[in-house]
Amino acid sequence: MEKFESVEAVLDFAIEREQEAVDFYEGLAEQADNAALEKTLTAFARVEAGHKQKLIVAKTYGAVVESRGTVVDMKVGDYLVPVQAGPNMTLQDALIIAMKREKAAMDMYTDLAAIVDDSDLNALFTKLAREEATHKLTFETSYEENFLSEN
Amino acid sequence: MSKLTFTLNGKPAEASAGETILDAAKAAGFFIPTFCHREDLKPFASCFVCAVEVEGRRSLVPSCSTEVAEGMVVNTENERVKGARKTCLDLLLSDHVGDCLGPCMTSCPAGIDIPGFVSHIAKGEDQESLKLIVDNMPLAGCLGRVCTRPCEEACRRQLVEEPIAICQLKRFAADQAIANGEEVEPAKLPGIGKKVAVVGAGPSGLAAAHFLLMFGIDCTVFDAHEAPGGMIRYGIPSYRLPRDIIDGEVAVIEKLGAEFKYNTRLGQDITLEQLREEYDAVFLGLGAQKASGMRTPGEDLPGVESGIEFLGKVSRDETLPIGNNVIVVGGGNTAIDAARTALRMGADEVTLVYRRAREQMPAWAEEIDAALDEGVKLQTLAAPVKIEQAGDQLEMTCIRMELGEPDASGRRRPMPVEGSEFTMTVDNIIAAIGQNVDATMAPGLELTSWGSIDANEQTGQTSVEDVFSGGDCVTGADIAVNAVAAGRRAAFAINQFLQGEAVVGDPKGYNHSMGALDEVPADVPAAFEKNNRVPMPHLDAGQRAKTFEEVETGFTEELARAEAARCMECGCRDAHECSLRDFATRYDARADRFGGDRREYRRDDSHAVLVYEEHKCIQCGTCVRVCDELLKSPCLGFAGRGFEARIKPALDRAMVLIGDEDLPSLAEYCPVGALTLKTDPVATLEPEAFLNTKED
Ligand SMILES: Cc1cc2nc3c(=O)[nH]c(=O)nc-3n(C[C@H](O)[C@H](O)[C@H](O)COP(=O)(O)OP(=O)(O)OC[C@H]3O[C@@H](n4cnc5c(N)ncnc54)[C@H](O)[C@@H]3O)c2cc1C
Ligand code: SF4
Ligand code: SF4
Ligand code: SF4
């Protein structure tokens, strides 16, 4: 695991992933025809930018990445058919895309935590996974409230 | 007589010597509120709402008792004066106890006059009852069958035992007209030479057309379907709402003058641009027509369809074949309707699969019970994961769910139980998990991120000024009465728009309320004897489960009269004349600005003709002065002082001194509803109330 030889390197990696998330949601926003949905997606991007900021602060000051408590995994998105982004996508589509994306990020950090030996790094990856789980939960809660109200 | 000159609201004005500011301002066309001032009584200057500003004087002065002086500079409507009036009214309202309109009426989104129509039924005046309804709401017989009854939730009668069967009584009024072959036509104003295109013949579009026509505006209603009703025809099954009821009520709108063009789809046969060119305004009542998919793998397999697709097909052909074994996914009303319909189409086994617990099902409890009585099975805490073809049949894999710990909002969310998958093999799967709006056929309108049309809540006006919208396509899938109310509001707004007036919809006046059920003084229900709600007669589960015959058979005359007689007639006899209510509306007064105790509820019913409601008395002293000065019978007086002052003695003792013929005038003099005649009905909307206000 040379790539992740230090806490800093891990944080750099995580910061890059968050930037990718910002770019991803901005890209989605650009595709959407519906102006209000575009705004919602831009807001998703801003939230990701906030996550990135948090990690930069943690890296600069050597602070601990905060993430407390257990995060429930509602698995709302897990069983849904993946959707393709496009101009006609709906809020439901966008939330499915987001849930799936956050789940992938969560799984990635969980997997990394499992393969690093260093206990500091393990703790950091676990925390990052939990962070992503929190983001996923936000989208899941929204999906469940808006699209599973009768289900 | 020599005239004095003075300045009134920045303009030169004249007054006679000795004339009060109030009279001079009134003569100049300015409105000044007052409770206690009467031309035939001596000035009393007690209520202070008539206060005005006289430059050079530190405090405001009562205009009813201040005479105009030469060169005086008077302001009767600046911010300071308005603020003082509002404060004065806020104070009066802060301890006032009463309901201007019954809580049922204020909870009805369409604002129909409930105590009014119910009381007509109690008296056997069914036609008058229906007339009162249709002037304020179309589709009485439809809504009387399917409305979710927000009014009954607020009904005061619950404090005695159970709410009044408001909705079923409304249905009774509509059914009586059919049974007696009577036609009740809504009122209609003369034509104004404008025409509006209404797209969508669902409840919102029909309501918009109904009121536009009443306003004298021509309407053409376009709908993609071959018949009117929207989701109340293609969603709600006929055993809950027979189609002839819809047809009959649409015929009333047609008779009012609507032209219907069916099989005409916006975005395909006509465009929004065309309509805007051809008509003076457009109303879009497109509904939420797109089923939300489950988004599970296998959803596209033949034999799997959405609840609204299934119900729509059955609505067109009630002999459609269906398999023996059917799963319906969902827990809302659409799911229940689909399940009960599947039984009626011949399915032997119908199972509802719902991901939460029964208590969380959004469907009405009565509807769930009715479905279970008919034999529908319930599989709660299970969610579909995938669907696969299994020979001629479908295999649905579900996962069991459990409710998690309550989250920050206190809700227990369903969570899948790892490894708990199980399968069910069936012939058909109906997914009834919600609907979305698709408004892409109306380009140019701003949408919300849900894809629904972004329209003003009060007026329905969209981002394009001559295009209005309402109902499910604005709110997302909702209930019929809200769609009707939205159509009504939009019709008001469109009328204003076409007449070049400010577009405000149908603004409601101030309404004072005793509050939520637990805030109502105990004496109010205590005056009534217990007498349970009359149950709605219905077919037995065994009789009905296999046919589309209407399940609820309707009240007989006898039952309807008995049920209507239970109404407590909440609301104030004076609501349409009350000065307190009028001024509170004008000055945007509020009851909750100053906290503190409310008055005690004290109703003096001792007199044969008059009622005195101390909790509504504002101590303006008018009645005392009428007795003293006009009736020359000092039989009423104040006991106590200031806020504690009360009119005394009890009416039966006081009134023996006055001749009966003078009594009505005493009630008329009271500016609020504290002194009223027992014979007056409680606050009702006059028939054609809104048309009258328009003619003002
Ligand atoms: C199964 C089911 C059961 C329900 N049960 C109840 C109930 O018991 N009580 C209750 O209060 N509510 C119930 N509802 C909800 C209620 O039916 C709706 O809230 C109500 O019908 C909404 O009225 P609307 O006019 O906004 O839209 P809709 O009723 O959906 O009408 C919209 C109309 O617009 C037409 N339209 C759409 N797009 C176009 C286009 N492009 N061109 C031309 N025409 C178009 C459609 O054909 C349709 O006729 C139920 C709904 C469903 C689906
Ligand atoms: S007295 Fe006036 S304000 Fe009071 S309840 Fe009656 S109508 Fe409303
Ligand atoms: S008792 Fe009658 S007036 Fe009072 S809330 Fe109920 S229906 Fe309305
Ligand atoms: S009861 Fe008499 S004092 Fe009270 S508000 Fe009416 S007129 Fe005024």
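This is a predicted model: local features need pLDDT of at least 70, side-chain atom pairs count only at pLDDT 80 or more; totals for chains, interfaces and linings use all residues.
Which domains does the domain assignment give for chain B? There are domain 1 (3-77), domain 2 (103-184 + 510-564), domain 3 (195-288 + 437-498) and domain 4 (291-435).

**View 1. The domains of chain B, with domain 1 and domain 3 picked out.** Going by the assignment, domain 2 is pieced together from 103-184 and 510-564, and domain 3 from 195-288 and 437-498. Take the C-alpha centres of domain 1 and domain 3 of chain B, and you get a separation of 50 Å.

**View 2. Where chain A meets chain B.** On the chain A side, 28 residues are in contact with 35 residues of chain B. Putting the two chains together buries about 2,500 Å², with 49% of that on carbon and sulfur atoms. As for charge pairing, the count between chain A and chain B is six salt bridges. One to look at is A:Glu144 with B:Arg413, where the closest N and O atoms sit 3.2 Å apart.

**View 3. The side of chain A that touches chain B.** Helix 2 (35-61), helix 3 (91-115) and helix 4 (119-147) of chain A each put in at least two residues here. Which helix gives the most? That's helix 4 of chain A, with six residues. Sorted by type, the residues on this side of chain A come out as 14 nonpolar, eight polar and six charged.

**View 4. B:Thr34 in its loop.** You'll find B:Thr34 between helix 1 (21-27) and strand 3 (51-54) of chain B. Is B:Thr34 buried or exposed? It counts as buried, because its relative accessibility is 18%, under the 20% cut-off. A polar atom of the B:Thr34 side chain lies 3.3 Å from the backbone nitrogen of B:Cys36. The backbone nitrogen of B:His37 is 3.0 Å from a polar atom of that B:Thr34 side chain. Setting aside neighbours within four places in sequence, B:Thr34 is in contact with B:Leu22, B:Cys47, B:Val49, B:Cys50 and B:Phe583.

**View 5. B:Glu550 and its arginine partners, B:Arg145 and B:Arg171.** B:Glu550 belongs to the loop between helix 19 (541-544) and helix 20 (557-564) of chain B. With a relative accessible area of 18%, B:Glu550 is buried. Its side chain makes a polar contact of 2.7 Å with the side chain of B:Arg145, and another of 3.4 Å with that of B:Arg171. Not counting residues up to four places away in sequence, B:Glu550 also touches B:Tyr239, B:Arg240, B:Pro242 and B:Leu539. For a sense of scale, B:Glu550 and B:Arg598 are 48 residues apart in sequence and 48 Å apart in space, C-alpha to C-alpha.

**View 6. B:Val467 in strand 21.** This strand of chain B covers residues 467-469. B:Val467 counts as buried, since its relative accessibility is 0%. How far apart are the C-alpha atoms of B:Val467 and B:Arg276? They are separated by 7.9 Å, although the two residues are 191 residues apart along the chain. B:Arg276 is also among the residues that B:Val467 touches, beyond those up to four places away in sequence. Others include B:Leu272, B:Val282, B:Leu284 and B:Leu445, along with B:Gly460, B:Gln461 and B:Thr462.

Conventions. Residues are numbered from 1 along each chain as its sequence is written. Chains are lettered from A and ligands numbered from 1 in the order in which they are written. Side-chain values use heavy atoms; hydrogens and water are left out. Contact means heavy atoms within 4.5 Å. Buried area is the accessible area (1.4 Å probe) that two parts lose on being put together, summed over both. A salt bridge is a side-chain nitrogen of Lys or Arg within 4 Å of a carboxyl oxygen of Asp or Glu. Helices (H or I, at least four residues) and strands (E, at least two) are DSSP runs, numbered from the N terminus. Ala, Val, Leu, Ile, Met, Phe, Trp, Tyr, Cys and Pro count as nonpolar, Asp, Glu, Lys and Arg as charged, and the others, Gly among them, as polar. Domain bounds come from an automatic or database domain assignment. Buried means under 20% relative accessible area, exposed over 50%, partly exposed in between (1.4 Å probe, protein chains only). A polar contact is a pair of N or O atoms within 3.5 Å; within protein, one must be able to donate a hydrogen and the other to accept it, and residues adjacent in sequence count only if both atoms are side-chain atoms.
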